[in-house]
Amino acid sequence: CWPAPTETMQNLASSCRRGPLSQIRCLIQYYRTINQWVHPSGYDTGIKVFNSLTNSKVSLTLPQEKLATWYMCGPTVYDAAHVGHASSYVKFDIIRRIMTDIFDIDIIMVMGMTDIDDKIVRRAIDTKSNFRDLARKYEKEFLKDMKTLNVLRSTKVTRVTDHINHIIQFINRIFENGYAYTTSDGSVYFHTEKYGDRYGKLAPSRQTAHLPMEKATDSEKINDRDFALWKAVKVGEPFWHSPWGPGRPGWHIECSAMSSAIFGDQLDIHTGGIDLLFPHHENEIAQCEACHQDYLRHTSPDQFRILCLLSKYRSPMDFNSEIFKKAEAVHRKFLSYINDAKAYIDGTINSSIANESEILEKLALTKSQVRIALADDFDTPTAINHLLQLLSFANVHSKTTDPTRSYTARSPSVIAAVATYVTKLLTSFGLSFAQDDKIFSPLAESVVNSLVGFRSSIRKYALDKLRNELKLPPEYEKNKNPDGTYLLDLCDNFRNDLHNTGVIVKDHVKGSSWEKGLNDDVFK
């Protein structure tokens with residue numbers, strides 16, 4: 001986290017930006033004075049990240065090569081997760097995967113759960129439930145939702161109620177450094193006026209920094225901007241004993257204390273929503289320095305992840321039907337290309353493609369462009385655009401030819417190289433490419449494969465006959481009605497395939513019927 005401002009400059013740590021709903025604020029190890037940010041020394045990752053103190057991109061520099069510490073503010077678990085949570089943590093997950101899979105950086109990630117605060121206390125009182133039970137219920141739901149969205153589990157999950165002693169010690173250190181005061185009821189406040197001009201670094205403007213941050217309900221507050229480090233107990237509320245009397249932690253102090261308890265006085269990356277950048281993250285920095293929705297129901301996890309990839313992590317997201325449709329369309333393009341590439345490689349699709357050397361050249365260029373984009377403040381929209389251009393160039397369904405380009409009859413190895421790269425990169429972004437929405441069981445998939453195979457045979461028969469190119473297998477040549485016998489055999493083979501999957505087809509004089517067999521897993 002951030003050490004006290006009185007320490008030497010080389011020990012001063014850093015901060016970076018929260019992203020939008022879904023976005024990251026990377027606290028890139030800062031060494032700073034009151035009005036100045038100084039670039040730290042250490043391992044240059046080759047990644048540029050937006051620095052919210054300088055409003056510019058700077059190199060992400062780590063104290064240890066190939067190792068980053070990351071603290072992520074988790075949710076306040078008083079209600080079910082919403083689409084804002086989903087986009088935030090999916091985008092964090094994408095950046096985490098980029099750093100580990102693309103840039104080979106090991107990450108130690110801690111997520112802090114807020115399991116005690118005003119909202120949780122109010123909800124527990126309203127529902128006549130224990131605050132711990134309420135928080136655990138929604139924490140469990142949140143973690144389950146993140147697993148569904150294929151978000152990697154944090155190295156460690158911390159809870160505020162497990163770190164009360166650390167929080168009390170943290171507040172004591174702020175007292176010792178002269179940046180806190182108590183009121184008569186036993187509350188403790190951070191003294192922003194004493195902290196001086198350093199407060200407000202992350203505010204949208206310096207004027208914003210001097211607006212009241214909390215309602216002035218306590219007449220003993222020295223300044224309306226002062227915020228609670230410790231809240232005195234109220235009737236019916238949970239509390240812990242402290243040197244200042246019974247109470248509970250203020251909201252802003254929690255992450256500061258927990259991240260310091262785990263990582264000490266230095267932190268590389270800190271993430272959370274941009275809506276919390278000021279005052280919540282501003283207050284976290286001040287404390288540390290003083291110390292030392294419905295859319296998801298209709299969208300698959302992969303489609304939602306594509307939606308997050310299509311916007312920059314620092315850009316606000318306006319969730320509406322149009323952007324979800326766009327994400328679904330892009331996801332369909334990727335999935336369709338991968339499936340078509342498989343069909344092309346096994347010979348089902350037989351069409352001309354661009355010249356091998358041109359495709360390989362385009363593939364190499366795309367790899368370089370994607371890496372440059374990801375190193376530039378994790379620019380995933382540009383990376384996705386380069387991928388889509390590659391798929392268009394290496395199209396396996398070319399029906400017209402460009403006279404300026406050369407074409408080759410078949411080149412399975414080149415298409416395999418493109419499909420492998422695209423699949424590997426999208427997997428690095430966290431896409432699973434499981435059968436979307438998990439609609440099909442293996443047996444159901446077998447039925448669909450049999451149906452498609454049967455249709456392909458009938459279609460080939462009809463097309464060959466129309467072209468006067470029909471040539472049946474030799475065993476049908478001596479038959480009185482070779483065409484009819486051949487078609488009936490195709491139907492019988494399809495019936496037998498269905499039987500193996502638990503669908504029994506019975507033929508009758510006027511038609512056919514079906515029933516479930518002993519193996520009826522296909523219907524489950």
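Mentor: Buried means a relative accessible area under 20%, exposed means over 50%, and partly exposed lies in between, with a 1.4 Å probe and protein chains only. The model is predicted, so local features need pLDDT of at least 70 and side-chain atom pairs count only at pLDDT 80 or more, while totals for chains, interfaces and linings use all residues. Residues are numbered from 1 along each chain as its sequence is written, and side-chain values use heavy atoms, with hydrogens and water left out.

Trainee: Why is Val157 called partly exposed?

Mentor: Its relative accessible area is 24%. That value falls between 20% and 50%, so Val157 is partly exposed.

Trainee: Which residues does Val157 touch?

Mentor: Contact means heavy atoms within 4.5 Å. Leaving aside residues up to four places away in sequence, Val157 touches Met111 and Met113. The C-alpha atoms of Val157 and Met113 are 7.1 Å apart, although 44 residues separate them along the chain. Val157 belongs to strand S7, residues 156-159; strands (E, at least two residues) and helices (H or I, at least four) are DSSP runs, numbered from the N terminus.

Trainee: What makes H1 largely enclosed by the rest of the structure?

Mentor: Of its 20 residues, 18 are buried, so H1 is largely enclosed.

Trainee: Why is Asp104 called partly exposed?

Mentor: Its relative accessibility is 49%, and therefore Asp104 counts as partly exposed. Asp104 lies in the loop between H1 and strand S6 (106-114). Its phi is near 60°, a positive value in a residue other than glycine.

Trainee: What makes Asn150 partly exposed?

Mentor: Asn150 has a relative accessible area of 30%, so the term partly exposed applies. Asn150 is placed in the loop between helix H3 (131-148) and S7, and its phi is near 65°, again positive in a residue other than glycine.

Trainee: How do you know which residues of H15 share a side?

Mentor: In H15, Asp483, Tyr486, Leu490, Phe494 and Leu498 are buried. They cover an arc of only 120° around the axis, which puts them on the same side of H15; the arc is that of the directions from the helix axis to the C-beta atoms. The face turned away from this buried side carries the exposed residues Leu488 and Asn500.

Trainee: What is the volume of the largest cavity, and which helix gives the most to its lining?

Mentor: A cavity is a set of points, on a 1 Å grid over the protein atoms alone, where a 1.4 Å probe fits but cannot get out; lining residues have an atom within 4 Å of a point. The volume, meaning the space filled by probe spheres set on points joined across faces, edges and corners, is about 50 Å³ for the largest cavity. H1 (residues 83-102) gives the most to its lining, with three residues.

Trainee: Which helix gives the most to the lining of the second largest cavity?

Mentor: Here too the helix is H1, with four residues. The volume of the second largest cavity is about 30 Å³, and its lining includes Tyr89, Phe92 and Met109.

Definitions and conventions: On a 1 Å grid over the protein atoms alone, a cavity is a set of points where a 1.4 Å probe fits but cannot get out, and a pocket is an open set with protein on both sides within 12 Å along at least five of seven lines; lining residues have an atom within 4 Å of a point.
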